[in-house]
Each structure stands twice: as structure tokens, then as C-alpha cells.
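Biologist: I would like to learn how to read helices and sheets in a model. Please show me the one we are going to discuss.

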Amino acid sequence: MNKNELFEIGIKKRSGQLSKTWNEIADIYTDGLFTGEGLRSWIKREIPKRKDGNSSSTSDIDSKVQNDDTSQLNYKESTEIHRDGSQSSNKLIHLATHQEKDPLYLLQAHGYDPEQWELITSRSSIWSGYSKQDGQFEQYASKISVKPRKDDQIEESEELRVAKLELQKQKYQLQEQRREYNALIKTQAKFEHLKDEVAIAISDLSKTKPLTFKPWNNIASNVKANVLWSDWHVGQEFENSLNSYSIDIFKSRLSSLVSQTIYYCEIHRVDNLTIGCLGDLLAGSIHIANRVQSSEDVIKQIQIVCEAISEAIAKLSSNFRTVNFINIIGNHARLQSNKTESLLNENLEKLIPWYLESRLSDFDNVKIQSDTDGYFVDYDNDGEHVYVHGDLDHVASAAKSLPQVLGFVPKYIFSGHIHHYSLKEHGTTTVISNGSLIGPDDYAVGKRFSAESMQLMHVFNEDKKIEYSIPIYLKD
């Protein structure tokens, strides 16, 4: 393309007939001869020359640039080159609000290559103009200063980005550590608060409702039995087609359980009773259904459960030479509702032995014992009896997995959790699952699960094997 043709294109651009930018026109038509800014300046210089030299009629040029000249009235565009290599550019540009702070757009609007130049400062103000074609219009008087990019700036910029990334990672790590620490403090504070509340309850009950120890005076028989207590879910309240449950119903069923335990033990002349308390005595708050059906908050739940157990053991103790209470934590009483965030021993049922030791401190024939990491080995029976809740040791797999932890093969594994009575032999190990005191709740009925409210009792012979297995069914 010759210069005359290029000049004509430039005049069309100045008169607003072309929407392309000067940079785009230079790239398309000049084969590298001009930059956008260079082309614009060349056209501006050529106009008076061509008027004088009659390369084009004065009237034609005047007509083509009239709109541009009137729009640029009283505004002088300029470019300055400084000693340090930086430059300043002052010109009218079209500028949207979001582009005012966009360095890339500002550089290109002033004709600078963003890969070669770096924006130092920018200032813009609205400038009003007028043209016959468009009438009154507004542009921005934009003033920028730029400096050439150095070769090592790209590397420095990359290093800076890496440094910022590492700093951001450290920030997030610190935030995560703080979150975990705060969660730990919150859990500990909650547990301490519960202990304080329970301690107050113990103190009040010791004064208003003392438990009196009555020694056992029968002839020793050395017959042993155990009774399994599990899945009471105290705090839930519901009524469905198969079952109903409340605090009062719980107390009635527990009273019946204690009475029937004494009855069957008298028949079989039992004088040593082990209570395997297998967990989930509280409704807790880990499931939405539990929160909906719960009539008591967790503090009240733990107080009701602890006192009910204390009174039950006090009554049982006068009928046996020894009463051994074994406490196993369940999953419903964990402090964190989210299982993945919960620690095994952060569990409200850890308070039960602490309560009983204080409430039953005068009962000489009562022994209170607690699990270790969710299981308990009864060494009074040569370690052949193991008690678990059942959420970590399923009926189908406990006989295989527990010996790997214990280092020996137990004779019996007593479990709760699944809410129904089952017995499964695995070679020399028998896994026995207890029923529930609560019976079928709304969840069980909805899933079409049904099992009567019951707890399980066993009488052992001299070889520590089960002689009698006695389901104790609990009617309201």
C-alpha cells in the first residue's frame, strides 16, 4: 500500500469512519512501517503538507478532518521522552469505567506494547467535545507515564509470584492451625462445663436423695452372670405404630430390667454380677432425627442417665456379693457430630464412671471400670470376655479384627449398637449382640426394622462358658 492510500485511510480514521484502533490499522496496512502512535502522528503532520502541495484538494481534506478537528478543539495531545528512558503520553481516548484502572488497556490505548513497556503512573479526566456527526460527546483526557521493561523484570515478577504463593500457603496453614486449636479449646471447655454441671447435680442429690449401702449377707455361691445394658437413647421422645418412648417410659423399663435381673439371679443363685454397659445410653445430638425427637438437651440427658444408673446399681448391690460395672462409650454421645472430625475419646459417656465413683463412693462391693479406646477386656474372667459398643467392631468382623488388636482370641465378644439380639459363632469366638431398651423408633419403623425392647443376661458355669442365655423383654 502506497502512502497516498495509507493517508486516505488515516483521514477516514480521524473523521470517525473507521472503528479500528490506530494500532490495528498500523498492523494491517503498514507492514511494520508505523506503530499506531507513529501512524497517527504522521497523518497529523501530512495534512498541512498536502494542503500546501495540493496532493488533495483543500476542501476534501477539510471535509474529512472537520469532525475530528472540531472534536479535538482546544486539546493538545503530546508525547514526551525523558532522559532515563521513560515517556509521558497525553491524549484523548475512549474509556469505560472499568478500563480506567486497567494498565494493559491504558498502555494499548496510548500505543505502547505491554510486553515492552510498564505503566508507572496514570491520570484521567473527562473531556467534553462536539462534532457535527455525533453532537456533544465525552472522552477521557488520559495522561500516563511509562518506562521500558527490563529483561530481568519478568524473572523478578515470577519470583515475586512464587513468594506470594508461598506466603499465602503459610497464611492458610496458620488459619487452619488456629481453627483446629480453637475447636480443641471449645471441646475441652464444653466437657469441663458438663463436668461442672454434673458435679452440682451430684452435690445436690447427695443432700436431698442420698444412696444408702446395704451389705449383702447371703451364702457365697461363686456363680457369675452378666447383664448387658445398651442403646437406651435417653432424651428421645416419640410415638409410632409399634412403640412409644419418653423419660418416664425409660425409667419404667429400667426399673423392670433391674427387678427381672434380680429375679433371674436368685433363681440361678448368682452372687457375682457384671454389668456390661455398652454405650449409646444418651440420644446425643449427632443426627437430625435425634435432635428433632430429643426432649432434653445433652446436659440434662447425661444427668438423667448417670443418676438412673446410680440408683439401679445401689438397688442391685444389696442382692450380690460383688457388682462389677464396665462402661463402654458409644457413638451417639460423641462431642463432635461430624464423625470424621471427632476423636474417639471425646465422648460424654466418659462422664458416667466419674459420676458413679462419686455417687457410689460408700458402696464397698461395687467396682467401676472403663473401656480403653472403645473396648474392655474382663480379666476377672481370664480375659476371655471382651465388651465393645459395636460401631467400631461389627458383628460380622469383630471376631477377626479384635484379636489382631488384643493379641489373643477371646471366648466371647459382647456388643450393642445394632438394636437386636444376635449370636454368631466364629470358630472359638462367639459374638453376641444385645437388643435395645428404646425399641423401634421412627427411623427404625421408616426403614421397616423392628425389634422388641429387651436387654440380655447370661449365667456362666465354672468353665466361664455361658450356661444360660436369658433375654429380658421390657413391657411398659
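Biologist: Are α1 and α2 roughly parallel or roughly antiparallel to each other?

Modeller: Two packed helices are described by the angle between their axes and the distance between the axes. Axes are lines fitted to C-alpha atoms, for helices over the stretch in contact, and angles run from 0 to 180 degrees between N-to-C directions. Here α1 (residues 3-14) and α2 (residues 22-29) pack at about 160°, with axes 11 Å apart. Therefore α1 and α2 are roughly antiparallel, a term for angles over 145 degrees.

Modeller: A caution on sources: this is a predicted model, in which local features need pLDDT of at least 70, side-chain atom pairs count only at pLDDT 80 or more, and totals for chains, interfaces and linings use all residues. Residues are numbered from 1 along each chain as its sequence is written, and side-chain values use heavy atoms, with hydrogens and water left out.

Biologist: Which residues make the contact between α1 and α2?

Modeller: Contact means heavy atoms within 4.5 Å. From α1 come L6, I9, G10, K13 and R14, and from α2 come W22, I25 and Y29. The residues of this contact divide into five nonpolar, one polar and two charged. Ala, Val, Leu, Ile, Met, Phe, Trp, Tyr, Cys and Pro count as nonpolar, Asp, Glu, Lys and Arg as charged, and the others, Gly among them, as polar.

Biologist: How many helices and strands are there in the protein?

Modeller: Helices (H or I, at least four residues) and strands (E, at least two) are DSSP runs, numbered from the N terminus. The protein has 12 helices and 17 strands.

Biologist: What is the order of strands in the open sheet of six?

Modeller: Two strands pair if DSSP finds at least two bridges between them. The order is β10-β9-β8-β5-β16-β17, and the pairing is mixed. β10 (366-370) and β17 (466-473) each have a single partner strand, so one side of each is left without a neighbour in the sheet. From one strand to the next, the twist averages 20°. Helix α9 (residues 298-317) packs on this sheet, where it touches β5, β8, β9 and β10.

Biologist: In which sense do β5 and β16 pair?

Modeller: Strands β5 (residues 224-229) and β16 (residues 454-460) are antiparallel, joined over five bridges. V227 has M457 in β16 as its bridge partner.

Biologist: What share of the residues count as buried?

Modeller: Buried means under 20% relative accessible area (1.4 Å probe, protein chains only). Of the 476 residues, 46% count as buried.

How values were computed
Parallel < 35°, antiparallel > 145°, perpendicular 65-115°, else oblique. Buried < 20%, exposed > 50% of the residue type's maximum accessible area, 1.4 Å probe, protein only.
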